[in-house]
Amino acid sequence: GTFTMEQSLIDATERYAETIRNTDVYKNYQEQLFLIRQNPEKYQRVNEFRRKNYELQQSDGRDMDERIEALEELERFREDPVVDDFFRAELAFCRMMQEVNLRVTEAIDFDMEFPL
């Protein structure tokens, strides 16, 4: 049969999403995202940097020179207040979501220790 979520859980999820949208952290993130999108060139550079950063994190320590170069580039890049404010807001939002998701996982006692 088809899986249907209980209506009470759907309602609670809607309230949960609304609560997130009402936080100062989320509002600030949306504001900074709006501001950086006003400058397509900066927004493109931010996304390029995120992609590069993600790729470096996936590589297993081989490209240390590349990693150092990327960090130096980020430092120069973040001298721009618009860019710096965006990255700060994004980080704060990600940390909040991580914390909340961790609490939900702990509250429902989900066993994440998968045997190999």
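**Entry 1**

I began with D80, which is partly exposed because its relative accessible area is 21%; I take buried as under 20%, exposed as over 50% and partly exposed as in between, with a 1.4 Å probe and protein chains only. Before going on I note that this is a predicted model, in which local features need pLDDT of at least 70 and side-chain atom pairs count only at pLDDT 80 or more, while totals for chains, interfaces and linings use all residues. Residues are numbered from 1 along each chain as its sequence is written, and side-chain values use heavy atoms, with hydrogens and water left out.

I then looked up the partner of D80 and found that its side chain meets that of K42 in a salt bridge at 2.8 Å, N to O, the term standing for a side-chain nitrogen of Lys or Arg within 4 Å of a carboxyl oxygen of Asp or Glu. This pair links distant parts of the chain, with K42 in helix α3 and D80 in the loop between α4 (64-77) and α5, 38 residues apart; helices here are DSSP runs of H or I with at least four residues, numbered from the N terminus. K42 is partly exposed too, at a relative accessible area of 22%.

**Entry 2: other salt bridges**

I recorded a count of 6 salt bridges by this rule. Among them is the pair R78 and D84, whose side chains meet at 2.7 Å, N to O; R78 is partly exposed at 28% relative accessibility, whereas D84 is buried at 14%.

I also looked up E99 and R103, whose closest N and O atoms are 2.8 Å apart in a salt bridge. Because they lie 4 residues apart in helix α5, about one helical turn separates them. E99 is partly exposed at 37%, and R103 is exposed at 57%. Elsewhere, salt bridges that share partners join R78, D84 and R88 into one network.

**Entry 3: α3 against α5**

I looked up how helix α3 (residues 40-58) packs with helix α5 (residues 81-107), and noted an angle of about 50° with the axes 11 Å apart; the axes are lines fitted to C-alpha atoms over the stretch in contact, and angles run from 0 to 180 degrees between N-to-C directions. The two helices are therefore oblique to each other, since angles under 35 degrees count as roughly parallel, over 145 as roughly antiparallel, 65 to 115 as roughly perpendicular and the rest as oblique.
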